[in-house]
Every structure is written in structure tokens, then in C-alpha cells.
Amino acid sequence: RKFREYLTPIPLETSLDLPRMDELEFLNRYYTRGIDMRYVAIQGSYSEVLYGVKAFVDNANMMRGYMPFQYDGVVVEIMDKGIKERLGKRGSIPLYAIAIKFPPLKRESIFTHYTFTVGQTGAITPMAHFEPVEFIGAIHDKTTVHSYKRFKELRLASGDKINLTLNNDVIVYLTKPEQISKNPPEEFPSVCPSCGNSLMQSDSGDTVYCVNPNCPERTVARLSNLLAKLNVKDVSTETM
């Protein structure tokens, strides 16, 4: 709900008995919120239709970085009214249409260093910092590597080349190509980066915890989580 002002719902059909092209123009004229549906009608032999769909999808994928709005795929549907009626719907899902999702956007960058955050449970989360990259108009220069286990698997050293993938157009996921690092890999802290107390490793060895219940960063994380559950707005962890 909190992201609704950033979303643009686009109606896909009406209850009017109109040819599909007329219906699309009707929707674009009377129900647009500043973003029209972009479409093309393709007809011909089986091979010609497949080629036309592929060309449209490839062009739409290429244009993602230039459009003033975000989208993550293309919908392909049958226009013939008789075929659409025979295929019908399963609930609200049309069986005469299919969504083609784009592959996630990818970038390359250079890893620079780690910082470490402490969650409300005391779990230490490594944050990987890298030279800034752009995804859909947003600049990213860091991302989480989630856990101590993944920290050990990556064995990142300053100056390493890294691959970045924007999963679901939201989360930047970091991977490391096969390479030999010139520098020694970064070390995990031996004490809590917030309070300096000792750390404890989980039984599985996947997670490392701060054992101090009064650790300042743990306290802030608990308070932040409490305010979020109470739906208190505009209070940052920096403020707390």
C-alpha cells in the first residue's frame, strides 16, 4: 500500500463489445494516467507471427532504459474473438494471453569494501560496497550479501570485478566471476562493529551474532521494527 503512489495501474480490458484495437484506443483515451498502452497487431503465418512477437519483445526490452516508466515484460494475446471465447478464462486469468518476462538487467562493477550492520536479533549482515552503477535511472553503490555463509563463499577482495543483477527490478544481487584476486579477501569482524562485544556463530555456521542484548545498533533495530509495526512514518534509524 505504501508504494501505491509510485504505481500506475493500467486497465487491460473493458466490458464493452468492441474490436480489441478499438477497445485499446478507448482505454488509452479515457482511462490513461499519463501512460498509454503500447501495442502492435501482428498477423500472418505461424513463423511470421513468431518473428513479429520476437521483434516487438526485443525492441521493448532494449527501450526499458529510455522509457519514463518501468515495465518488466510484454503481454501477447490472441485477438480473434471466436478463439478468445473458446479459450475463455480460469477465474480472472485469460487463457488467450501469455506474459513474456524480460531477463533481469545486469551490470559489472568493482568491489571496494564491506560495512556490517547489526539486526534486532544481533545477526551481523555484510553490506558490499562497489563503484556506482545505474539501473533504470537509480544509482546503486551497495547491496547486502545476506549472511556470514555467503560472505565466506564470495571471498571478495578490494578491486575484484563483480556482476550485479537487478532481480525483479528491485533487489541488486551480487555474484563474483571466476577470477584470481590480486589482494587478500576481506575479513569478517572479530567483534561487534557497533558495541565491540564478542560474536557468536550459529550451530550451522551460516550466521554470526552479537551476544550483547544492549548493543546500540540492536536497540535501534528493535525500535525501528516496533515503529514500523505501529505504522509510525518518517522516523529514520539515523534520527533514533
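The model is predicted, so local features are described only at pLDDT of at least 70 and side-chain atom pairs only at pLDDT 80 or more, whereas totals for chains, interfaces and linings use all residues. Residues are numbered from 1 along each chain as its sequence is written, and side-chain values use heavy atoms, with hydrogens and water left out.

Helices (DSSP runs of H or I, at least four residues) and strands (runs of E, at least two) are numbered from the N terminus. Helix 1 covers residues 20-30. Its buried residues are Arg-20, Glu-23, Leu-24, Leu-27 and Asn-28; buried means under 20% relative accessible area, exposed means over 50%, and partly exposed lies in between, with a 1.4 Å probe and protein chains only. Seen down the axis of helix 1, these buried residues fall within an arc of 135 degrees, and therefore they line one face of the helix. The arc is taken over the directions from the helix axis to the C-beta atoms. A general rule of geometry applies here: an α-helix has 3.6 residues a turn, so residues three or four places apart point the same way. On the face of helix 1 turned away from the buried side are the exposed residues Arg-29 and Tyr-30. The buried residues pack against strand 1 and helix 3, where contact means heavy atoms within 4.5 Å.

Between helix 1 and helix 2 runs a loop that contains Tyr-39. Tyr-39 counts as partly exposed, because its relative accessibility is 29%. Residues up to four places away in sequence being left aside, Tyr-39 touches Met-21, Leu-24, Glu-25, Asn-28 and Phe-56. The C-alpha atom of Tyr-39 is separated by 52 Å from that of Thr-219, which is 180 residues away along the chain.

Helix 2 comprises the 17 residues 46-62, and at 1.5 Å a residue it should span 24 Å; its end C-alpha atoms are 24 Å apart, in agreement with this. The expected span is 1.5 Å times one less than the number of residues. Gly-52, Val-53, Val-57 and Ala-60 are the buried residues of helix 2. They fall within an arc of 130 degrees when seen down the helix axis, so they line one face. That buried set packs against strand 1 (73-77) and strand 4 (97-101). Ser-47, Tyr-51 and Lys-54 are exposed on the face of helix 2 turned away from the buried side.

Attention now turns to the spaces within the model. On a 1 Å grid over the protein atoms alone, a cavity is a set of points where a 1.4 Å probe fits but cannot get out, a pocket is an open set with protein on both sides within 12 Å along at least five of seven lines, and lining residues have an atom within 4 Å of a point. Grid points are joined across faces, edges and corners, and a volume is the space filled by probe spheres set on the points. The structure holds two cavities of 30 Å³ or more, and the largest cavity contains about 50 Å³ of space. Eleven residues line the largest cavity, and the closest to its centre are Ile-10, Pro-11, Tyr-31, Thr-32 and Ile-35.

The second largest pocket has a volume of about 330 Å³. Of its 14 lining residues, Leu-16, Leu-18, Glu-23, Lys-81 and Lys-84 are the closest to the centre. Helix 1 and helix 3 (81-87) each supply at least two residues of this lining, and the largest share, three residues, comes from helix 3.

Although it is not a glycine, His-146 has a positive phi of about 75 degrees. His-146 counts as partly exposed, at 45% relative accessibility. Asp-203, in the loop between strand 10 (199-201) and strand 11 (208-210), is exposed, with a relative accessible area of 87%.

Just after helix 5, Asn-231 takes a positive phi of about 65 degrees. Asp-234 lies in the segment after helix 5 and has a positive phi of about 60 degrees although it is not a glycine. Asp-234 counts as exposed, at 80% relative accessibility.
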